[in-house]
Amino acid sequence: MHRDEKDLLMGTVAARMKAKLESRFSPELLEIVDDSDKHKGHSGSSEAGETHFSVTITSSVFLGVNRVGRQRLVMKALSEELAGPVHALTIKALAPNEE
Amino acid sequence: MTDSAAPTSADQFIAKTIADHAVVLFMKGVPDQPRCGFSAVTVQILDHLGVEFVGVDVLQDDDLRNGIKTFSDWPTIPQLYVKGEFVGGSDIVREMFQSGELKAFMAQHGVLED
């Protein structure tokens with residue numbers, strides 16, 4: 001299958017985020033959704049996408065950690081992406097057995 | 001209500017703002033005209049609960065925009081402070097609102113309008 005350049009570029013940021021979150025949190029559940037399409041034309045959006053993400057992550061690392069602490073942990077793990085291509089990140093960080 | 005951001009030092013300005021006002025939202029744009037969806041949602045929630053707050057537009061000043069991230073150890077905008085305490089960004093505000101916790105939290109801190 002021939003893939004054009006855009007296909008090859010798409011998903012590299014998400015893949016990097018996935019690798020970092022997996023290595024840091026050994027999550028039971030990890031979902032990364034690229035919301036960039038919903039933000040076309042907004043500040044910080046780019047034609048290539050991969051600027052706006054939602055992350056849902058379930059990990060025992062979050063046990064006994066409050067909301068602010070959980071988000072800080074996730075944002076620290078992704079600090080390079082947040083300082084670079086990622087303009088907005090929505091995070092839902094759960095401990096096992098939480099809704 | 002919006003404070004203009006012209007501090008000699010961003011840290012001093014932030015510390016003074018959160019000391020002087022019970023509820024402060026560091027945001028992109030002003031409450032009447034937010035310039036980012038996440039800031040807009042947070043403003044809507046505060047308005048809906050009837051919380052009087054001061055909006056600080058971080059887009060007015062690059063030192064402030066970067067300074068608030070270091071000050072709070074939090075890399076994104078908006079950021080909500082209540083009685084000098086960092087509450088969170090838009091995800092946390094939305095979660096707390098949906099679960100009813102935010103209203104209780106604001107009531108506890110005596111910042112709900114009658």
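Q: In which helix of chain A is A:Arg70 found?
A: This is a predicted model. In it, A:Arg70 belongs to helix α3 of chain A.

Q: Is A:Arg70 buried or exposed?
A: A:Arg70 has a relative accessibility of 10%. Buried means under 20% relative accessible area, so A:Arg70 counts as buried.

Q: Which residues does A:Arg70 touch, not counting those up to four places away in sequence?
A: A:Arg70 touches A:Phe62, A:Val65, A:Ala93, A:Leu94, A:Ala95 and A:Glu98. With A:Ala93 there is also a polar approach: a polar atom of the A:Arg70 side chain lies 3.1 Å from the backbone oxygen of A:Ala93.

Q: And what separates the C-alpha atoms of A:Arg70 and A:Leu94?
A: The separation is 8.2 Å, for two residues that are 24 apart along the chain.

Q: What share of the contacts in chain A between residues at least 6 apart in sequence join residues at least 24 apart?
A: The share is 67%.

Q: Let us step back, then. How many helices and strands does chain A have?
A: Chain A has four helices and three strands. Their order from the N terminus is α-α-β-β-α-α-β. Of the 99 residues in chain A, 38% are buried.

Q: Where does A:Glu81 lie, and is A:Glu81 buried or exposed?
A: A:Glu81 lies in helix α4 of chain A, which covers residues 79-83. A:Glu81 is buried, at a relative accessible area of 2%.

Q: What does the side chain of A:Glu81 make a polar contact with?
A: The partner is the side chain of A:Arg16, at 3.3 Å. Apart from neighbours within four places in sequence, A:Glu81 is in contact with A:Val13, A:Arg16, A:Met17, A:Lys20 and A:Val86.

Q: Which side chain does A:Ser54 join in a polar contact?
A: The side chain of A:Ser54 pairs with that of A:Asp35, at 2.4 Å. A:Ser54 sits in strand β2 of chain A, residues 52-58. Beyond its neighbours within four places in sequence, its contacts include A:Ile32, A:Val33 and A:Thr90.

Q: Now the interface. How many residues of chain B are in contact with chain A?
A: There are 17 from chain B, meeting 13 from chain A. The two chains bury about 1,300 Å² between them, with 56% of that on carbon and sulfur atoms.

Q: Which residues in chain B lose the most area to chain A?
A: They are B:Phe38, B:Trp74 and B:Asp91, which together account for 35% of what that side buries.

Q: Which residues of α4(B) are buried?
A: B:Ser90, B:Asp91, B:Ile92, B:Val93 and B:Met96 are buried there. The buried residues of α4(B) pack against α3 and β3 of chain A, and also against α2, β6, β7 and α5 of chain B.

Q: At what angle do α4 and α5 of chain B pack?
A: The angle is about 95°, and the axes are 5 Å apart. Angles of 65 to 115 degrees count as roughly perpendicular, which means that α4(B) is roughly perpendicular to α5(B).

Q: Which residues meet there?
A: From α4(B), B:Val93, B:Met96 and B:Phe97 meet B:Glu101, B:Leu102 and B:Phe105 of α5(B). By class, this contact has five nonpolar residues, no polar ones and one charged residue.

Notes
Residues numbered from 1 in each chain as written. Chains lettered and ligands numbered in written order. Predicted model: local features only at pLDDT ≥ 70, side-chain atom pairs only at ≥ 80, totals over all residues. Heavy atoms only, no water. Axes fitted to C-alpha atoms, helices over the stretch in contact; angles between N-to-C directions. Helix = DSSP H or I, 4+ residues; strand = E, 2+ residues; numbered from the N terminus. Parallel < 35°, antiparallel > 145°, perpendicular 65-115°, else oblique. Contact = heavy atoms within 4.5 Å. Nonpolar A, V, L, I, M, F, W, Y, C, P; charged D, E, K, R; others polar. Buried < 20%, exposed > 50% of the residue type's maximum accessible area, 1.4 Å probe, protein only. Polar contact = N/O pair within 3.5 Å; in protein donor to acceptor, adjacent residues only side chain to side chain. Buried area = accessible area lost by both parts, 1.4 Å probe.
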